[in-house]
Amino acid sequence: MGRWEPNARERLAKVALELYSERGYEQTTVAEIAKRAGLTERTFFRHYADKREVLFDGSGELQELAVSGVVGAPESAAPLDAMAAGLEAASGWFAARREHARRRQAVIVANAELRERELIKLASLSAALADALRGRGVAEPTASLAAEAGMAVFKVAFQRWIAEAEEATLSQLMRESMAELKAVTAHGQARPGR
């Protein structure tokens with residue numbers, strides 16, 4: 001592969017995930033990633049700030065999709081329904097990435113630094129969604145509560161989606177998880193067994 005090829009970013013991301021899966025995140029260097037991709041370290045740093053960011057590439061695009069979904073929800077939509085629209089808009093981004101998501105998540109779970117980075121990215125997404133809800137006229141604390149609830153729905157659905165035996169789409173699982181959340185909150189005053 002020539003160094004001039006236009007898909008350097010994608011090659012670096014693919015190779016980085018391969019190496020992280022084979023050797024572990026901490027044991028993999030930027031030099032090794034660049035070499036296996038047929039590129040230079042300089043090229044790596046042109047595309048990524050550090051070796052962590054390879055795993056979080058696309059988070060900005062995901063956030064834009066989710067926020068656009070919230071903003072584009074019908075004006076009459078309740079805050080949780082607007083969040084559901086945001087999650088639905090974001091789910092398409094994952095459609096062809098299930099195996100990648102499984103491998104990526106395995107690397108993240110195995111490293112405390114990466115788990116922390118994932119939490120920071122999810123907190124940024126939650127804050128952006130809360131801002132979108134406030135832009136729709138949703139007051140506090142409702143906007144923040146709805147955004148956090150939406151993130152809980154996303155996390156639960158995502159964990160189910162990356163499970164080996166799971167066949168449902170992420171979109172289906174997010175809809176199911178949102179319905180479960182609504183059922184839990186609607187019956188929050190009920191006593192167990194009733």
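Buried here means under 20% relative accessible area, exposed means over 50%, and partly exposed is in between (1.4 Å probe, protein chains only). This is a predicted model, so a quick word on ground rules: local features need pLDDT of at least 70, side-chain atom pairs count only at pLDDT 80 or more, and totals for chains, interfaces and linings use all residues. Residues are numbered from 1 along each chain as its sequence is written, and side-chain values use heavy atoms, with hydrogens and water left out.

**Aromatic pairs**

- Rings of Phe, Tyr and Trp (its six-membered ring) pair if their centres lie within 6.5 Å; planes under 30 degrees apart count as stacked, over 60 as edge-to-face and the rest as tilted.
- That rule gives 9 aromatic pairs.
- Take Phe44 and Phe45: their planes stand at 85 degrees with the ring centres 5.2 Å apart, so this pair is edge-to-face.
- Phe44 is buried, at a relative accessible area of 0%, while Phe45 is partly exposed, at 44%.
- Phe154 and Phe158 make a stacked pair, with 25 degrees between the planes and 5.7 Å centre to centre.
- Phe154 and Phe158 sit 4 residues apart in helix 8 (residues 142-161), which puts about one helical turn between them. Helices (H or I, at least four residues) are DSSP runs, numbered from the N terminus.
- Phe154 is buried, with a relative accessible area of 9%, and Phe158 is buried too, at 6%.
- Phe154 and Phe158 also belong to one aromatic cluster with Trp93, Phe94 and Trp161.

**Arginines over rings**

- A charge sits over a ring if NZ of Lys or CZ of Arg is within 6 Å of the ring centre and within 35 degrees of the ring normal.
- Arg97 lies over the face of Trp93, 4.0 Å from the ring centre.
- Arg9 has its charged end over the ring of Tyr48, 4.4 Å from the centre.

**Helix 9**

- The buried residues of helix 9 include Leu170, Ser171, Leu173, Met174, Ser177 and Met178.
- Those buried residues fall within an arc of 160 degrees seen down the axis, so they line one face of helix 9 (the arc is that of the directions from the helix axis to the C-beta atoms).
- Their packing partners are helix 5 (79-94), helix 6 (98-109) and helix 8, where contact means heavy atoms within 4.5 Å.
- Exposed residues Glu180 and Ala186 are on the face of helix 9 turned away from its buried side.

Notes. Helices (H or I, at least four residues) and strands (E, at least two) are DSSP runs, numbered from the N terminus.
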